[in-house]
There are 2 protein chains.
Amino acid sequence: MATIRDVAKEAGVSVATVSRVINGSGYAHEDTRKAVIAAVEKLQYKPNEVARSLYKRKSKLVGLILPDITNPFFPEMARGIEDYLQREGYRLIFGNSDENRKKEREYLDTFLQNNVVGLIISTNEQDHTIFDNLTIPAVLLDRTAGHLPAVYSDQQQGGRLAAEILLARGAKEITIIRGPVEIKTVYERYLSAVSVLEDTDVKVHILDSALSYQGARKCAKEVFVKYPDTDGIIACNDIVAATILQEALAMGKRVPEDIQVIGYDNVSFTALLHPALSTIQQPAYEMGTKAAEILIKKINQEKLEEIHTVFPVSFIERGTTREVE
Amino acid sequence: MATIRDVAKEAGVSVATVSRVINGSGYAHEDTRKAVIAAVEKLQYKPNEVARSLYKRKSKLVGLILPDITNPFFPEMARGIEDYLQREGYRLIFGNSDENRKKEREYLDTFLQNNVVGLIISTNEQDHTIFDNLTIPAVLLDRTAGHLPAVYSDQQQGGRLAAEILLARGAKEITIIRGPVEIKTVYERYLSAVSVLEDTDVKVHILDSALSYQGARKCAKEVFVKYPDTDGIIACNDIVAATILQEALAMGKRVPEDIQVIGYDNVSFTALLHPALSTIQQPAYEMGTKAAEILIKKINQEKLEEIHTVFPVSFIERGTTREVE
DNA sequence: AAATAATGTGGAAACGGTTACATACTTTCA
DNA sequence: TGAAAGTATGTAACCGTTTCCACATTATTT
């Protein structure tokens, strides 16, 4: 790889001059500028970002920590982030945390050692000691935690929507699948759904489930033995919803006639189910791009209007809910 | 952030000594070693990887280029890669290429500017000019291209398996959905499937489809108007299979009685469909870890037994194929 | 025409590590 | 006991950039 010295020699100038024309900083005579450009071209010179990063103490790297890229909710977000960042000339260093504090810490440390300029993270760190003496801009994604800028969607609206829709469609015995209570967003929508339901005379059951495929299976098996007559399910995410849907179908229940199911997230495969899953959509891709946009703003020291950006959520009506009565 | 100089001062030694004890290289008296460790501890010193990388001309960063993390086949792989690399102390820089040569080039260039030590890439670059004067180890994933180490699964076996299974289960009029012919792996399994089928007296149709959700929809709409009597589908991937399955169900066809469907990949949501999708499994996660393992070996200059690692593929029997007759 | 400002350029010091080399002090052993 | 080998440590060069500063030249103003 050619270095700036090679270019300088080729163009017959000093490295300082080369640096100046490359960065468009300071003065440079038109003729020397041309000579430098020509040399750069000829030698296929690409500045070493590492050296740059060392001097400037900031790179063009952004750290991204997600619980698990294998969970279909996250790839959309990641793509949104990556697309935006790529256009702005930043690259992504990525790690899966599994919601594990130690891993988060580890990634953050190594990211910092690599001079990342910013961090996008999806975590539940409640006391967020991780962020306390954080020297770089960070934005929280899909989760909220205190003083940091965060982008997430309106969980209350989501929980409410799901409950109201099932109500409006005549469900009489609703089971709410509550996700892990440690995950604030998931817990909030649960709370919001119960609060809508408790003012009514429908029967309400609560069942816990993990967000994973495995956890969903366990819960789906459980729900119908515990509550065989439930006729409406509000799931904590689409995986759980899809699994329950499948289990219901396997038992010969008719969906949505006998039982209605509402998912959460609107992950892409939901449209492929039969019947296709009605669900609450979170605009994952847009949340990703927004998080990236905010991060870039912070990196550029621009003022933020709002610390928290909350996206509205919407009901995607498909085949697991009935026509409204 | 504390620098090595701070540590040196704190411990009352020179930076060289600090460097030596940190890296366990060269001599260091037990007492000074302890003093240095204490200073490191006290100052929470973490070596700046950028400075290291600059001097050594290699970082602890590995580049990963995937077509689209949003395609559910890739997250599993990415996770496999990331898990392995993480354990080895490497971090991942990631980019989505959309199979676009220009984007691939762009990512590769910037990765190189950041002194990545290795590259894992999933691409169809046939003439692979990108790799011609590549100075770092690289391994191809899920795709093959010439002289580079590659890990992929046995496409011929996959295509054959799908065809044989449909044959054994009594399909009489099979439609093979051919994916993009530019994607070598996808094309190979297609070829393999037709070659099995052409020696038999079953009727065979060929239909093209993209690998995406959109493309799949288009194809699924098309297949039954073109071939209303087809009773067996060999799809190029699970998305296409799931979409066709849904379409068939919507038309009132019974699956697997009237029509059987076989997918490809065994992406996680396939188990959630109803009936659950029978499919050819590629061990995506293991392919990822293997690719990472090979890369690390190459980075460490270890000799590779084989350039190409091919994984066997297996049939996951679920509800969209009949009991064997 | 002299003073001042603007332009153009290069030398050298950073940035934060690693390592070759020089030097000094201990051991070991013939 | 003295040479050789082993241990311990520091100085300084280096990795490839950017930028401060000094200096020289040219353009502009008075």
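In this predicted model, B:Glu99 is partly exposed, because 18 C-beta neighbours lie inside 10 Å and a residue counts as buried only at 20 or more and as exposed at 12 or fewer. B:Glu99 sits in the loop that links β2 to α6 of chain B. Beyond its neighbours within four places in sequence, B:Glu99 makes contact with B:Pro67 and B:Asn124. B:Leu277 lies 178 residues away from B:Glu99 along the chain. The C-alpha atoms of B:Glu99 and B:Leu277 are 27 Å apart.

The two chains meet in a contact to which chain A gives 39 residues and chain B gives 39 residues. On chain B, at least two residues each come from α4 (49-56), α5 (73-87), β2 (91-96), α6 (101-113) and α10 (238-250). The side of chain B that touches chain A holds 18 nonpolar residues. A further 14 residues of that side are polar, and seven are charged.

Strand pairing also links the chains. Strand β2 (residues 91-96) of chain A is joined to β2(B) by three bridges. The two strands run antiparallel. Within this pairing, A:Leu92 stands opposite B:Phe94 of β2(B).

Chain A is divided by the domain assignment into domain 1 (4-47), domain 2 (56-152 + 285-309) and domain 3 (155-283). Between domain 1 and domain 3 of chain A, the C-alpha centres are separated by 62 Å.

How values were computed: Residues numbered from 1 in each chain as written. Chains lettered and ligands numbered in written order. Predicted model: local features only at pLDDT ≥ 70, side-chain atom pairs only at ≥ 80, totals over all residues. Domains from an automatic or database assignment. Contact = placed C-beta atoms within 7 Å. Helix = DSSP H or I, 4+ residues; strand = E, 2+ residues; numbered from the N terminus. Nonpolar A, V, L, I, M, F, W, Y, C, P; charged D, E, K, R; others polar. Pairing = 2+ DSSP bridges.
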